[in-house]
Amino acid sequence: MYGYSDASIDVSIDDILKKVPQERIFEYIIKQKIVLNTKAYYSPFRIDNKPSCRFIMGSNSKLLFEDFGDPRGHYLKDCFSMVMAVYELSFLQAKDFIINKIANEIDLTPMNLSCGYIRDRTDIYYNSREFDK
(Lines give C-alpha, C1' and ligand atoms only; values in the text may rest on other atoms or scores of the structure.)
Protein backbone atom coordinates (compact mmCIF):
# COMPACT_ATOMS: atom_id res chain seq x y z
CA MET A 1 0.00 0.00 0.00
CA TYR A 2 2.77 2.50 0.90
CA GLY A 3 5.55 1.11 -1.30
CA TYR A 4 6.71 -1.74 0.91
CA SER A 5 5.54 -5.29 1.37
CA ASP A 6 3.60 -6.22 4.48
CA ALA A 7 5.94 -9.19 5.00
CA SER A 8 8.87 -6.94 5.95
CA ILE A 9 6.94 -5.43 8.86
CA ASP A 10 7.20 -8.61 10.92
CA VAL A 11 10.83 -9.30 10.08
CA SER A 12 13.27 -8.26 12.78
CA ILE A 13 16.61 -6.60 12.15
CA ASP A 14 18.35 -9.64 13.61
CA ASP A 15 16.52 -11.95 11.18
CA ILE A 16 17.60 -9.81 8.25
CA LEU A 17 21.23 -9.64 9.39
CA LYS A 18 21.32 -13.42 9.80
CA LYS A 19 20.47 -13.68 6.10
CA VAL A 20 22.27 -10.62 4.68
CA PRO A 21 25.51 -9.69 6.51
CA GLN A 22 25.87 -6.00 7.29
CA GLU A 23 29.22 -5.89 5.46
CA ARG A 24 27.48 -7.01 2.26
CA ILE A 25 24.83 -4.30 2.62
CA PHE A 26 27.50 -1.60 2.97
CA GLU A 27 29.52 -3.08 0.08
CA TYR A 28 26.42 -3.01 -2.11
CA ILE A 29 25.98 0.70 -1.39
CA ILE A 30 29.57 1.92 -1.74
CA LYS A 31 30.56 -0.60 -4.45
CA GLN A 32 33.81 -1.46 -2.64
CA LYS A 33 35.10 -4.09 -0.24
CA ILE A 34 34.93 -3.00 3.40
CA VAL A 35 38.19 -2.71 5.35
CA LEU A 36 37.76 -1.84 9.02
CA ASN A 37 39.43 1.17 10.66
CA THR A 38 42.25 1.69 8.15
CA LYS A 39 40.93 2.43 4.69
CA ALA A 40 39.36 5.83 3.95
CA TYR A 41 36.28 6.03 1.71
CA TYR A 42 34.51 8.79 -0.18
CA SER A 43 31.14 9.79 1.22
CA PRO A 44 28.10 8.78 -0.84
CA PHE A 45 26.17 11.72 0.67
CA ARG A 46 28.17 14.69 -0.61
CA ILE A 47 30.91 15.79 -2.97
CA ASP A 48 34.00 14.47 -1.30
CA ASN A 49 37.40 15.56 -2.67
CA LYS A 50 39.35 13.78 0.04
CA PRO A 51 38.16 10.47 1.47
CA SER A 52 37.29 11.09 5.10
CA CYS A 53 34.98 8.20 5.94
CA ARG A 54 35.75 4.81 7.40
CA PHE A 55 34.09 1.74 8.84
CA ILE A 56 34.40 0.82 12.49
CA MET A 57 32.97 -1.96 14.63
CA GLY A 58 30.69 -0.47 17.24
CA SER A 59 29.08 -1.99 20.28
CA ASN A 60 27.30 -5.34 19.94
CA SER A 61 29.32 -6.10 16.75
CA LYS A 62 27.47 -3.43 14.81
CA LEU A 63 29.37 -2.22 11.76
CA LEU A 64 29.20 1.57 11.46
CA PHE A 65 29.98 4.07 8.70
CA GLU A 66 31.88 6.98 10.25
CA ASP A 67 32.04 10.31 8.39
CA PHE A 68 34.41 12.99 9.66
CA GLY A 69 33.88 15.47 6.82
CA ASP A 70 30.13 15.93 6.92
CA PRO A 71 29.19 19.62 7.36
CA ARG A 72 26.56 18.60 9.93
CA GLY A 73 29.35 17.17 12.07
CA HIS A 74 30.85 13.76 12.77
CA TYR A 75 28.25 11.03 12.64
CA LEU A 76 27.83 7.27 12.53
CA LYS A 77 25.40 5.22 10.43
CA ASP A 78 24.54 1.54 10.63
CA CYS A 79 23.65 -0.38 7.46
CA PHE A 80 19.90 0.32 7.81
CA SER A 81 20.45 4.07 8.30
CA MET A 82 22.80 4.07 5.33
CA VAL A 83 20.19 2.43 3.06
CA MET A 84 17.58 4.90 4.31
CA ALA A 85 19.83 7.92 3.64
CA VAL A 86 21.26 6.87 0.25
CA TYR A 87 17.96 5.72 -1.27
CA GLU A 88 15.70 8.15 0.65
CA LEU A 89 13.58 5.40 2.19
CA SER A 90 11.65 4.96 5.41
CA PHE A 91 12.81 2.28 7.84
CA LEU A 92 10.18 -0.22 6.62
CA GLN A 93 11.06 0.51 2.99
CA ALA A 94 14.76 0.04 3.80
CA LYS A 95 14.03 -3.37 5.35
CA ASP A 96 12.05 -4.34 2.26
CA PHE A 97 14.83 -3.04 -0.03
CA ILE A 98 17.45 -5.15 1.78
CA ILE A 99 15.25 -8.26 1.76
CA ASN A 100 14.09 -8.05 -1.85
CA LYS A 101 16.79 -6.16 -3.75
CA ILE A 102 20.19 -6.35 -2.06
CA ALA A 103 19.89 -10.02 -1.06
CA ASN A 104 18.98 -10.98 -4.63
CA GLU A 105 21.56 -8.79 -6.38
CA ILE A 106 24.53 -9.95 -4.31
CA ASP A 107 23.79 -13.57 -5.21
CA LEU A 108 22.39 -14.70 -1.89
CA THR A 109 19.42 -17.00 -1.80
CA PRO A 110 16.28 -14.84 -2.00
CA MET A 111 15.03 -14.00 1.45
CA ASN A 112 12.83 -16.81 2.63
CA LEU A 113 12.56 -16.28 6.33
CA SER A 114 11.45 -19.83 6.94
CA CYS A 115 14.80 -21.18 5.70
CA GLY A 116 17.67 -21.62 8.09
CA TYR A 117 21.06 -20.59 6.78
CA ILE A 118 22.27 -18.82 3.65
CA ARG A 119 25.82 -19.47 2.54
CA ASP A 120 27.89 -17.12 0.46
CA ARG A 121 28.68 -18.51 -2.96
CA THR A 122 32.21 -19.81 -3.30
CA ASP A 123 33.95 -19.85 -6.66
CA ILE A 124 36.44 -22.65 -7.29
CA TYR A 125 39.33 -21.99 -9.64
CA TYR A 126 41.76 -24.49 -11.11
CA ASN A 127 44.75 -24.47 -13.43
CA SER A 128 45.36 -27.18 -15.96
CA ARG A 129 48.89 -28.33 -16.70
CA GLU A 130 50.66 -30.88 -18.81
CA PHE A 131 51.05 -34.28 -17.29
CA ASP A 132 54.69 -35.30 -16.74
CA LYS A 133 55.85 -38.79 -16.01
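Student: Which residues in helix 4 are buried?

Tutor: In this predicted model, the buried residues of helix 4 are Ala94, Lys95, Asp96, Phe97, Ile98, Ile99, Ile102 and Ala103. The elements that cover them include helix 1 (13-19), helix 2 and helix 3 (79-87).

Student: What makes the length of helix 4 agree with its number of residues?

Tutor: Helix 4 covers residues 91-105, which is 15 residues, and at 1.5 Å a residue they should span 21 Å. The C-alpha atoms at its ends are 20 Å apart, so the two values agree.

Student: Where is the kink in helix 4 centred?

Tutor: On Ile98, where helix 4 has a kink of about 35°. Ile98 is also one of the buried residues of this helix.

Student: What does the largest nonpolar core look like, and which residues have the most contacts inside it?

Tutor: That core has 24 residues, and Ile25, Phe26, Phe55, Val83, Ile98 and Ile102 are those with the most contacts inside it. Two or more residues come from each of helix 2, strand 1, strand 2 (63-67), helix 3 and helix 4. Helix 4 gives the most, with six residues. As a general point, nonpolar side chains in soluble globular proteins tend to be buried together.

Student: What does Val83 touch?

Tutor: Leaving out residues up to four places away in sequence, Val83 touches Ile25, Ile29, Glu88, Leu89, Ala94, Phe97, Ile98 and Ile102.

Student: How do you know that helix 2 is mostly covered?

Tutor: Count its buried residues: seven of the nine in helix 2 are buried. They are Gln22, Ile25, Phe26, Glu27, Tyr28, Ile29 and Ile30. Among the elements covering them are helix 1, strand 1, strand 3 and helix 4.

Student: Why is Lys31 called exposed?

Tutor: Exposed means over 50% relative accessible area. Lys31 has 62% relative accessibility, so Lys31 counts as exposed. This lysine lies in the loop between helix 2 (22-30) and strand 1 (53-57). Just after helix 2, Lys31 takes a positive phi of about 60°.

Student: What does the side chain of Lys31 reach?

Tutor: The backbone oxygen of Tyr28, at 2.8 Å. The cut-off for a polar contact is 3.5 Å, so this pair is within it.

Student: Why is Asp78 called buried?

Tutor: Buried means under 20%, and Asp78 has 17% relative accessibility, so Asp78 counts as buried. Asp78 sits in the loop between strand 3 (75-77) and helix 3. A polar atom of its side chain lies 3.2 Å from the backbone nitrogen of Phe80. Not counting residues up to four places away in sequence, Asp78 touches Phe26, Lys62, Leu63 and Leu64.

Note on methods
Residues numbered from 1 in each chain as written. Predicted model: local features only at pLDDT ≥ 70, side-chain atom pairs only at ≥ 80, totals over all residues. Heavy atoms only, no water. Helix = DSSP H or I, 4+ residues; strand = E, 2+ residues; numbered from the N terminus. Buried < 20%, exposed > 50% of the residue type's maximum accessible area, 1.4 Å probe, protein only. Polar contact = N/O pair within 3.5 Å; in protein donor to acceptor, adjacent residues only side chain to side chain. Expected span 1.5 Å × (residues − 1). Bend = angle between axes of the 7 residues up to and from the residue. Contact = heavy atoms within 4.5 Å. Core = buried A, V, L, I, M, F, W, Y, C linked by side-chain atoms within 4.5 Å.
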